[in-house]
Amino acid sequence: MKISYNWLKQFIKIDWDSEKTAALLTDLGLEVEVVEKYQSVKGGLEGIVVGHVLTCIPHPDADRLKLTTVDIGNGTTIQIVCGATNVDAGQKVPVATIGTVLYDKEGVAFTIKKGKIRGQESHGMICAEDELGLGDGHDGIMVLDASLTTGTAAAEVFKIENDEIFEIGLTPNRADAMSHLGTARDLRAGLIRNGVNVEFITPSVSNFRIDMRTLKIDTIIAEPQLAPRYCGVTISGITVKPSPKWLQDRLKAIGLNPKNNIVDVTNYVLHDLGQPLHAFDASKINGKIIVKTLESDTKFTTLDDVERTLHEEDLMICDEKGPLCIAGVFGGKNSGVSEHTTSIFLESAYFNPVSIRKTAKRHQLNTDASFRFERGIDPTITAYALKRAALLIQEVAGGEITSDVSDIYQKKIEDFSVFLNFANAAKIIGQEIPKDTIKQILVSLEIKVNSVSEYGLGLTIPSYRVDVQREIDVIEEILRVYGYNNINFSKKLNATISNSPRNEDYKLQNIVATQLNSQGFHEMMANSLTTATYVKLSDALKEEHNVTMLNPLSNDLATMRQSLLFSGLEAISYNINRKNADLKLFEFGKSYHKFLSGFEEHKHLTLLVSGNRNKESWTTSQKPSDFFLFKGYVDAVLARFGIQKTQNSPVTSDVFSEGIAIGTGHNALVEFGVVKKSILKHFGIKQEVFYADFNWDVIIKAISGKIKFTDIPKYPEVRRDLALLIDQNVTYDTIYTIARQTEKSLLKSVNLFDVYQGDNLPEGKKSYAVSFIIQDSSKTLTDTQIDKIMGKLQKSFETELGAILR
């Protein structure tokens with residue numbers, strides 16, 4: 001937000017330098033990021049004076065040039081060679097003296113130097129309008145008023161505005177300070193605290209009067225909850241033209257381009273008082289003004305000549321034939337002020353902040369008006385701002401007030417009541433501030449003190465302070481005006497020894513992150529907001545479980561994610577498209593779910609691997625990452641936590657074409673495998689992607705209990721592997737189930753450690769490499785027993801699956 005120091009001084013008379021004022025504003029919470037110099041004409045016409053042309057004769061050696069002598073004041077006469085056709089003796093002209101810096105149309109500086117032109121010395125330059133930055137004219141030199149005193153500075157003649165602009169990094173909660181009035185109000189409170197008592201001056205509207213009642217436009221508020229207050233007045237006989245210099249300078253100083261006197265006044269009052277206004281061409285209003293919503297899909301063309309499709313909740317300013325303006329956001333093309341406008345209907349209103357914000361976001365419009373309305377403006381100055389603007393319009397455009405001010409305010413927006421407890425204030429601030437000082441600060445902020453007791457103050461907070469509604473907010477107001485730097489701190493150092501649990505979440509995350517980093521993984525952080533359509537990629541995810549945002553930034557960020565996979569695949573796709581195809585990524589994050597019982601958050605650790613194992617090098621051959629390598633990464637994470645007693649089971653999630661679940665008891669610790677090609681296709685990924693999803697909450701629980709010790713088994717376990725050639729449609733789940741049913745007592749675990757699909761296999765076939773762990777807790781198994789078990793397993797696979805041993 002840009003604040004003009006000269007403009008600010010219209011509210012409070014202050015002679016502080018800008019740096020000191022900027023420091024005070026920053027201490028008050030209105031952080032001044034930059035202070036910039038502003039001049040209404042670049043360079044400020046420094047070095048330009050009023051000259052009096054004494055003589056003007058033809059140049060002896062050039063037909064198109066003239067040789068002049070010019071009095072520039074203080075008895076100094078100089079010779080200047082001039083090429084303008086309209087220069088003549090007796091004229092008063094602007095003269096750029098030696099050393100003056102001027103700027104061309106592109107803003108490039110050039111310095112006036114002493115020189116010779118066709119053999120004649122020239123000690124300056126008689127300037128044209130465009131050379132001074134005062135206009136575009138270049139037909140000849142500027143001829144000034146003959147009554148001007150020779151030697152007068154041009155900056156004084158043309159009333160050059162020299163200003164300093166504060167660039168304030170305003171926080172969203174400070175809606176009350178989004179104007180020069182609001183900033184001045186805060187500055188005054190700070191000055192009073194610093195012992196500088198200044199008068200707070202607000203523009204007077206005492207001269208507002210109705211000239212005649214010849215153009216009345218009735219107003220109907222059909223949606224009072226969306227437009228709690230609405231004011232309007234008509235002004236007739238105006239002339240739309242460029243604004244006077246003072247008004248243009250004010251707007252240019254804060255970065256606004258002047259348009260015409262009517263629009264410029266509305267913009268001026270917006271930044272002056274913080275009240276957005278809108279002017280309608282009264283001749284284009286058919287009948288009454290009606291503030292209402294319209295049917296969904298209604299078409300409306302805005303000032304930028306874009307046809308927009310309205311939502312059923314968009315508040316519109318309409319007449320009896322149709323919409324004129326999107327309330328509080330943007331005007332309509334067919335109702336705005338033009339150079340032909342002679343009468344206007346001027347609107348000043350207070351609109352529901354939530355409604356305006358939703359409308360602005362829906363149509364992707366961010367205007368100065370919507371910026372203020374959606375944060376909450378002052379509902380008490382609506383009519384005052386209207387009168388202020390009407391008087392300014394009469395001043396710069398002429399005209400007469402031709403109607404009463406209509407002010408529809410059905411339900412008054414009340415001020416807030418808060419009780420401030422002195423003890424709470426002292427406890428939070430860390431220091432007891434004198435009660436009289438507290439009262440002085442609150443009064444300077446226009447917070448009314450209704451009652452005083454030894455325990456605290458009963459306060460009424462102005463309705464425009466939408467960010468001050470609780471006791472803690474009042475304490476913050478006291479503290480920022482009192483000054484954070486004025487709060488003493490104890491020289492005593494207190495320290496406590498905390499008993500930090502061994503298994504704190506962040507410690508475990510750091511352990512795993514360090515390990516994964518050492519294995520070549522990079523940590524990623526994806527947005528928890530995603531698109532609702534991703535749930536359609538997996539049957540395990542349900543649309544009714546989506547946690548949706550009430551006011552989303554966009555459709556792509558409208559839902560909290562139910563799975564970390566899809567945001568991870570977005571990152572994979574983004575990198576592959578930028579020639580970074582060999583990836584190892586991990587992420588700690590949460591998934592979000594809505595159930596009938598309420599909302600739930602589940603924490604996860606996910607791994608994603610795709611592409612080659614190592615970067616291309618002449619010392620090693622390229623080898624793609626495979627399932628066996630990826631399983632090693634997963635096992636290493638579990639091993640790092642000492643989780644050993646696990647069981648492998650078929651994966652339940654349908655996002656995998658092949659996968660394994662590792663768990664303890666009935667709890668799955670991790671599911672991992674190869675992501676389905678149909679899902680990869682959705683993200684434009686053509687290479688294989690391995691994905692692991694650790695249930696972090698279960699892992700924390702698994703390692704948080706007491707450490708248990710058991711004897712090392714007396715009898716060894718035996719591993720046997722089978723390489724099975726099976727049909728493409730057979731899943732690991734089927735193999736696992738058949739194995740468990742075939743041998744229930746001695747088979748301890750089943751593990752898929754390799755999958756091969758490719759050349760040298762019959763069509764429609766694939767190869768599974770499966771390991772089987774066999775152990776008897778009471779004796780050592782013999783080769784005969786082992787072979788018998790393996791024979792049963794092989795026979796079951798052949799009979800039920802048609803498997804062939806490779």
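Q: How many cavities of 30 Å³ or more does the structure hold?

A: The structure holds two cavities of 30 Å³ or more, where a cavity is a set of points, on a 1 Å grid over the protein atoms alone, at which a 1.4 Å probe fits but cannot get out. This is a predicted model, in which local features need pLDDT of at least 70 and side-chain atom pairs count only at pLDDT 80 or more, while totals for chains, interfaces and linings use all residues. Residues are numbered from 1 along each chain as its sequence is written, and side-chain values use heavy atoms, with hydrogens and water left out.

Q: How much space lies in the second largest cavity?

A: The second largest cavity holds about 80 Å³ of space. Its lining is made by 13 residues, and the closest to the centre are Thr530, Tyr534, Arg561, Gln562 and Phe566. This lining has five nonpolar, seven polar and one charged residues.

Q: At what angle do helix H6 and helix H9 pack?

A: Helices are DSSP runs (H or I, at least four residues), numbered from the N terminus, and their axes are lines fitted to C-alpha atoms over the stretch in contact, with angles from 0 to 180 degrees between N-to-C directions. Helix H6 (residues 261-273) and helix H9 (residues 382-397) pack at about 140 degrees, with their axes 9 Å apart. H6 and H9 are therefore oblique to each other, since angles under 35 degrees count as roughly parallel, over 145 as roughly antiparallel, 65 to 115 as roughly perpendicular and the rest as oblique.

Q: Which residues of H6 and H9 make the contact?

A: Contact means heavy atoms within 4.5 Å. Among the residues that make this one are Ile262, Val265 and Leu273 of H6 and Tyr384, Arg388 and Leu392 of H9. The residues of the contact divide into 12 nonpolar, one polar and two charged.

Methods
On a 1 Å grid over the protein atoms alone, a cavity is a set of points where a 1.4 Å probe fits but cannot get out, and a pocket is an open set with protein on both sides within 12 Å along at least five of seven lines; lining residues have an atom within 4 Å of a point. Grid points are joined across faces, edges and corners, and a volume is the space filled by probe spheres set on the points. Ala, Val, Leu, Ile, Met, Phe, Trp, Tyr, Cys and Pro count as nonpolar, Asp, Glu, Lys and Arg as charged, and the others, Gly among them, as polar. Helices (H or I, at least four residues) and strands (E, at least two) are DSSP runs, numbered from the N terminus.
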